[in-house]
Amino acid sequence: MDWMLLIAAGLLEIIGVIGIKRVAHNNNWTNNIILIGGFLISFQLLVRAMETIPLATAYAVWTGIGTVGAAIVGMIFFKEPKSWLRIGCMLGVIFSVVGLKMVS
């Protein structure tokens with residue numbers, strides 16, 4: 001159950017990051033609610049997940065989901081550059097998080 005909370009926390013972090021991007025382009029109530037709501041719920045789920053998952057693992061997974069997810073959202077919805085180097089770096093993040101989980 002805690003792993004599901006952690007994954008949900010990571011996905012909601014992506015929503016918070018989308019809110020940051022939207023606020024940067026148009027600072028209105030809707031975009032601020034997306035930003036604050038996404039991060040607020042994400043942090044709450046992360047706290048719950050950390051009750052049983054070790055801190056280093058939980059934080060690495062949470063930031064990894066957020067980092068890779070935000071990069072994918074940026075490439076798909078915000079027309080940010082796509083390159084094999086960026087994709088390779090995202091794979092590096094994923095392998096690092098999986099490796100950290102395997103050794104912990």
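Which residues make up the largest nonpolar core? Select Leu5, Leu6, Ala9, Leu45, Leu46, Ala49, Ile53, Ala58, Val61, Trp62 and Val97, which are its 11 residues; such a core is a set of buried Ala, Val, Leu, Ile, Met, Phe, Trp, Tyr and Cys residues joined through side-chain atoms within 4.5 Å, where buried means under 20% relative accessible area, exposed over 50% and partly exposed in between (1.4 Å probe, protein chains only). At least two residues of this core come from each of helix H1 (2-25), helix H2 (29-49) and helix H3 (55-77), helices being DSSP runs of H or I, at least four residues, numbered from the N terminus.

This is a predicted model, in which local features need pLDDT of at least 70 and side-chain atom pairs count only at pLDDT 80 or more, while totals for chains, interfaces and linings use all residues. Residues are numbered from 1 along each chain as its sequence is written, and side-chain values use heavy atoms, with hydrogens and water left out.

Next, centre on tryptophan 62, which, leaving aside its neighbours within four places in sequence, is in contact (heavy atoms within 4.5 Å) with Leu6, Ala9, Gly10, Glu13, Ser42, Phe43 and Leu46.

Then colour residues 29-47, which are 100% helix and 0% strand with end C-alpha atoms 26 Å apart, and residues 59-78, which are 95% helix and 0% strand, with end C-alpha atoms also 26 Å apart.

Move on to lysine 79, in the loop between H3 and helix H4 (84-103), where phi is near 55°, a positive value in a residue other than glycine. Most residues other than glycine have a negative phi. Lysine 79 is exposed, with a relative accessible area of 73%.

Finish at valine 103 in helix H4, which is likewise exposed, at 69% relative accessible area.
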